[in-house]
Amino acid sequence: MVTDEIAAPARARLAVTVAFVAHGLLGAAWVARIPQIKEHLGLSAGTMGVALLGAPVGVVAAVRFAGWIVHRWGSRATTIAAGTVGALSLVPLGLSWNLASLICSLVLMGGSLGLMDVAMNAQGVAVERGYGRPLMSGLHGAYSIGTLVAALIGSGAAHAGVPVAVHLSVAAAVLVVLLAAGCRDLLDRSIDVLPESGADEPASPARRGPAARAARWPLIMLGVIGLCSFVGEGAMADWSAIYLRESLGTGPGAAGLGYAGCAIAMTAGRLAGDRVVARFGPVTVLRTGSLVAAAGLALGLLLGNPVAAVSGFTLFGLGVAVVAPVTFSAAGNVPGVPAAAGISRVTGVGYLGLLGGPPVIGFIAQGVGLAWALAVPAALAGLIVLLAPATATAER
């Protein structure tokens, strides 16, 4: 019995780690095949851009209702079900025959990813509570590993000439099996109950009175922190290669080094982040990391050469690596608010930055140039320094 009690948290931690890896694999499984899908459907760049909005629309819509869905069915069931539906959505995505079918598949996949994101983070918060020490950064590191593995597999499949439909169908099957076998030991519905009241209900100002009203400001501040970080992440993904290629004149191969450096540094930072947060605390780590991100990116842009720019992008990724896991952990521990409800609210605000940030960067670049536009993520990283104390408001 004692052995089982000791092993249960470890099994739950492994299960939620599998969920994070699966989420990364699912979200990035098709990315390397976008050029083939575009070519197969005969879409212009503008039309493909419209189609790509399908996934973000699905994510935003799902996140809005994620708290209620987790309340109704539990984070364990939501994680597994949403992940399974998302995996299966890869099949029609690979078989898309026109623009409408592609958009519908992406909306379905995006909605599944959004639901799974909130539910698995709620599970992560519960496992972290059980261990009594930070774990969320490592879980988000597992997600980052999943995205890198999926990107490599997708590139390899494209290079080998594997048909898109075959590749994505096999990926779907593997993910369904991985979720079914690897997530069985996720924690039961008891983690979705408010610990201080035993009430299995979502918190709202109308129903929970002063406690929920007091939770508004911490959640708003945490949402702004997430938005500031996600604007930068989106900008690195969408604009770093363009900046290196068009503004600094690098070759096509070197242009991808900016985002590669950012992604690798972010993954490494997340894998090491739990130990750092446990030693120095979330506020100190967020302030220090955000200063590194802001200063590194700003200096790289000011020096205006490829080596400095790649270094700046890399330092930015390292500096903001723990922002999302620390913020989600804090949102899941705000007093009077169920973990999934808090995470869904913060995630909803954060995704506005991820989705809206890159277009805003583009509009700014039209007027003042891309180098100055990319200074916006540096300024927002500096804002995180001021807002970091919000991550200490949660009861852990």
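Good morning, colleagues. The model is predicted, so local features are reported at pLDDT of at least 70 and side-chain atom pairs at pLDDT 80 or more, while totals for chains, interfaces and linings use all residues. Residues are numbered from 1 along each chain as its sequence is written, and side-chain values use heavy atoms, with hydrogens and water left out.

Contact here means heavy atoms within 4.5 Å, and 26 residues from domain 1 and 24 residues from domain 2 take part in it.

How much area do domain 1 and domain 2 bury between them? The value is about 2,000 Å², with 69% of it on carbon and sulfur atoms. Buried area is the accessible area, computed with a 1.4 Å probe, that two parts lose on being put together, summed over both. Pro-134, Ser-137 and His-140 supply 24% of what domain 1 buries against domain 2, more than any other three residues.

Next, the polar side of this interface. The rule finds 10 residue pairs in polar contact across it, both residues of each pair being at pLDDT 80 or more. A polar contact is a pair of N or O atoms within 3.5 Å; within protein, one must be able to donate a hydrogen and the other to accept it, and residues adjacent in sequence count only if both atoms are side-chain atoms. The count of salt bridges between the domains, by contrast, is zero. For that term, the criterion is a side-chain nitrogen of Lys or Arg within 4 Å of a carboxyl oxygen of Asp or Glu.

Which helices supply at least two residues each to the side of domain 1 that touches domain 2? They are α4 (54-73), α7 (99-131) and α8 (136-159). Helices are DSSP runs (H or I, at least four residues), numbered from the N terminus. The largest share, 10 residues, comes from α8. By residue class, this side of domain 1 divides into 16 nonpolar, seven polar and three charged residues. In that scheme Ala, Val, Leu, Ile, Met, Phe, Trp, Tyr, Cys and Pro count as nonpolar, Asp, Glu, Lys and Arg as charged, and the others, Gly among them, as polar.

I turn to the salt bridges of the structure. A search of the whole structure finds one. Arg-270 pairs with Glu-233, the closest N and O atoms being 3.8 Å apart. The pair links distant parts of the chain, 37 residues apart: Arg-270 lies in helix α13 (residues 257-280) and Glu-233 in helix α11 (residues 210-247). Are these two residues buried or exposed? Arg-270 is buried at 3% relative accessibility, and Glu-233 is buried as well at 16%. Buried means under 20% relative accessible area, exposed over 50%, and partly exposed in between, with a 1.4 Å probe and protein chains only.

Arg-33 is in the loop between α1 (2-28) and α2 (34-41), and it is buried, with a relative accessible area of 2%. Its side chain reaches the backbone oxygen of Val-162 at 2.6 Å. Beyond its neighbours within four places in sequence, Arg-33 is in contact with residues including Gly-154, Pro-163 and His-167. Arg-33 and Ser-155 are 122 residues apart in sequence, yet their C-alpha atoms are 7.6 Å apart.

Ser-290, in helix α14 (residues 282-303), is buried with a relative accessible area of 0%. Leaving aside neighbours within four places in sequence, its contacts are Gly-319, Ala-381, Ile-384 and Val-385.

Val-276 lies in helix α13 and has a relative accessible area of 35%. Pro-335, in the loop between α16 (323-331) and α17 (339-368), is partly exposed at 31%. Pro-335 and Pro-218 are 117 residues apart in sequence and 9.9 Å apart, C-alpha to C-alpha. Ile-153, in helix α8, is partly exposed at 49%. Ile-153 and Thr-250 are 97 residues apart in sequence and 26 Å apart in space, C-alpha to C-alpha.
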